[in-house]
Each structure stands twice: as structure tokens, then as C-alpha cells.
Amino acid sequence: MTQFLRTSVLFALLLLLCLLQGSIGDTQPQETEDLPSLFIQRDITAELKFLRDLVNQQGMMLVELQKMNTAQASELSALKTEVDNLRKESAGRPKVAFSAGLGPPAEQRGPFNVETNLIYSKVLTNIGGAYNSHTGVFTAPVRGVYYIRFTSSEYGNKNNNMGVNLYKNGQHLMHLGENGVDGIAKHVSSGVTLELAAGDVVYTRLPANYVLWDGTDLRTSFSGFLIFPM
């Protein structure tokens, strides 16, 4: 709209300039010209010069505006290309994320006399289907860097320790826990970044003679997601 108005003003000025020039051209000089006519002639000449300058100024402004519009159009085109490339890259990347808890019923798990796999049957998220709610095992679908997080809790037991072990392909990576005498209500959490190959498995186990608590509030949970593929 601004460019349209500027163009209209420029066109009007050019039309006025042509009319003034025609008016001057049609006026034939006379040998006996009175003083008032001379002043009028000079006023028209000055006005004509002013209009010429104004037309030139408006023309320069329009040229600069066209340059700015061209530059902005180029920037918008480059930005659109970048957004399209990001969309294509995102669409081609695998999407992996899961989160699950031991779930109800609200009760204590353990103690057992041997280390036991934990099965988080209450699944909240399982994008990509890489977590198995029947075995409690997460299997990396692609090679990449993953973030794995796990929590554990216990309530009302001061005789047994509370905790969880984290494993990758049968290798013990981390232990998270608290002593039973630390209090009636206990809760711990931790996370780790892992580089996994396609087919690597990650899971948690309840140590022998340890206990956990969970229920509908999902205090004991297992989660993870792909940060980026490699």
C-alpha cells in the first residue's frame, strides 16, 4: 500500500510538472512586459524548479524502496529454504521416546533373595515402540546418543535398603539407592547419557534383599529418549 501511494504521488507530480511546462511554453514573450507579469513568471519558474527537485527526490526514494523490497524478498526466500530443509531433516530422523512406571497396585516390591528384573507395566509414552512393557527392556532401534532416566521410592520400610541397578547389555552401569534406616519415606532419581548401537538393550534390576514402592502415582519409573542419531 505504501509503494502504491508513493507511485500515485509521483505520477501526480509528474503530471503537474508537464502542465506547468506546457503553460510556460504557451506563453509567448512580449516586448512590453509589465512588472507584475515578470514576477509571476519568476514565481512559476521557482515553483517549477521546486517540483523538479521533489520529483527527483521521490524517484530516488522509490528506487531505494524497491531495493529494500528486493533484499527482503531474498531474505524471506532464504529463510523459507532453511525451514524446509529443517523440516525434511526432522522428518527423516527416527523418533524414539518412552516413559513407564511400575504402576499399581500400591504395594512394596521385594525383598527377593536374588537380583530381579524390574518390569514397568504402566506405560505413559512409547514413541517408536522400543520399550517392551512385558520384559522391562528398552532396545535401541538406531545407533545414537540416548538419555536414560530412572527413579525409585520406598515407603514404610526401615529394615531393607531401597534402590535400583541400571544395566546395558548385561553390564552393570549404575546403582541408585538409600539405606533402610534413612527414613520411612525415601525417593531417589538419576539419569545418564549413553551411546548405544542398534540392538543394544538397557534395563533396570532390583538388587537382592532390596525393596521398592509404587502405585498409581508412579514413584518408581524408567524413561529415555533419543537425543540424536549417529
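Which residue does the side chain of Arg-219 meet in a salt bridge? The partner is Asp-217, with 2.8 Å between N and O. The structure described here is a predicted model.

## Salt bridges

Across the whole structure, a search finds four salt bridges. In the bridge between Arg-219 and Asp-217, Arg-219 is partly exposed, at 33% relative accessible area, and Asp-217 is also partly exposed, at 42%.

Another bridge joins Arg-143 to Glu-195, where the closest N and O atoms are 3.2 Å apart. This pair connects distant parts of the chain, 52 residues apart: Arg-143 sits in the loop between strands E6 and E7, whereas Glu-195 belongs to strand E10. Glu-64 and Lys-67 form a salt bridge at 3.8 Å, N to O. Because these two residues are three residues apart in helix H2, about one helical turn separates them. Glu-64 is partly exposed, at 43%, while Lys-67 is exposed, at 51%.

## The nonpolar core

The largest nonpolar core holds 27 residues, of which Phe-138, Ile-148, Val-202 and Phe-222 touch the most other members. Strands E1, E7, E8, E10, E11 and E13 each contribute at least two residues to this core. Its largest share, four residues, is supplied by E10.

Beyond its neighbours within four places in sequence, Phe-138 is in contact with residues including Phe-98, Tyr-146, Ile-148, Val-202 and Phe-222.

## A nonpolar surface patch

On the surface, Phe-225, Ile-227, Phe-228 and Met-230 form a nonpolar patch with about 360 Å² of accessible area together. Ile-227 lies in strand E13, which covers residues 221-229. With a relative accessibility of 35%, Ile-227 counts as partly exposed.

Terms used
Residues numbered from 1 in each chain as written. Predicted model: local features only at pLDDT ≥ 70, side-chain atom pairs only at ≥ 80, totals over all residues. Heavy atoms only, no water. Patch = residues over 30% accessible without salt bridge, like charges linked within 9 Å, V, L, I, M, F, W, Y side chains within 5 Å. Areas by Shrake-Rupley, 256 points an atom, 1.4 Å probe, with all protein chains shown as cover. Buried < 20%, exposed > 50% of the residue type's maximum accessible area, 1.4 Å probe, protein only. Core = buried A, V, L, I, M, F, W, Y, C linked by side-chain atoms within 4.5 Å. Contact = heavy atoms within 4.5 Å.
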